[in-house]
Amino acid sequence: MIHFRTDNEIELLRQAALLVGKTLGEVGKHIRPGVRTIDLDKLAEEFIRDHGATPAFKGYEGFPGSLCISVNEQVVHGIPGNYELRDGDIVSIDCGTVLNGYVGDSAYTFCCGEVPEEVRLLLKRTKESLYKGIEVAVAGNRVGDIGYAVQSHVEQFGYGVVRELVGHGVGRKMHEDPQVPNYGKRGTGVKLNEGMVLAIEPMITLGKKEIVQERDGWTITTRDRKPAAHFEHDIAVRHGKAEILSSFEWAEAVENNK
Ligand code: MG
Ligand code: MG
């Protein structure tokens, strides 16, 4: 069932999403070689609770962390732990908050130290593909238009688009209808209408698109162990132009300061 949100509800969703954006910035400040991913998780949880919200991921289907932290060949759903970040790692931070009953869900992939040019480009182009998807997430278009926009942008560089994991509606629950794949055909799928709120989240691989699930039951890794990038925004569908509810402002401030 697809929910259509009132302006008032969209405002509440924006508040939750902005808190995620601030949390991503806070976490980003601490990304450096030698830091354990569990330490990033702790500071995110504290930051979220200090702002009157709860971490949406904690306990979600049994997930132990407040963040999903996925390093290098890990695509998504990495569990925070004792791994110490190294120079040259890329670190996807996926964060969710519940604030006043509404969920924010956004992700950013950071660089830790000196990252090879080839991988930096993967990050840049994956982020670009997210905005390509957002550009066509307008009333009257269809979900397939979003997938097509993301896919056609990244495949020109020979990257892979993960098929098994998709974006989604977001509202009072983290995962609502419809599903929003990062691949597709133009003019197909669910019709987009004013008031739909979607999490669009390209998961793009430097090598092949195939993934495997690790034995921890959560972590999704590329089968060929090549790096993957992940960026996610929450948006409200409008006529003419989507409204981006989350923000990379804080994450980008950190990245640009390194
Ligand atoms: Mg997410
Ligand atoms: Mg999501």
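The crossing of helices α1 and α2 is right-handed (the near helix is turned clockwise from the far one by less than a right angle). The model is predicted: local features need pLDDT of at least 70, side-chain atom pairs count only at pLDDT 80 or more, and totals for chains, interfaces and linings use all residues. Residues are numbered from 1 along each chain as its sequence is written, and side-chain values use heavy atoms, without hydrogens and water.

Helices here are DSSP runs of H or I with at least four residues, and strands are runs of E with at least two, numbered from the N terminus. The axes of α1 (residues 7–29) and α2 (residues 37–50) come within 10 Å and cross at roughly 145°. Axes are lines fitted to C-alpha atoms, for helices over the stretch in contact, and angles run from 0 to 180 degrees between N-to-C directions.

A second pair is formed by α3 (residues 117–135) and α4 (residues 143–155), whose axes come within 8 Å and cross at roughly 150°. The two helices are therefore roughly antiparallel (angles over 145 degrees). The crossing of α3 and α4 is right-handed. Contact (heavy atoms within 4.5 Å) involves, among others, Arg-125 and Glu-128 of α3 and Ile-146 and Ala-149 of α4.

Five strands form an open antiparallel sheet, ordered β8-β7-β9-β14-β15. Strands pair if DSSP finds at least two bridges between them. β8 (176–180) and β15 (243–244) stand at the edges with a single partner strand each, so one side of each lacks a neighbour in the sheet. Four bridges join β9 (residues 197–200) to β14 (residues 233–236). Val-197 has Ala-236 of β14 as its bridge partner. Helix α3 lies across β9, β14 and β15, at about 10° to β14.

Conventions:
Chains lettered and ligands numbered in written order. Parallel < 35°, antiparallel > 145°, perpendicular 65-115°, else oblique.
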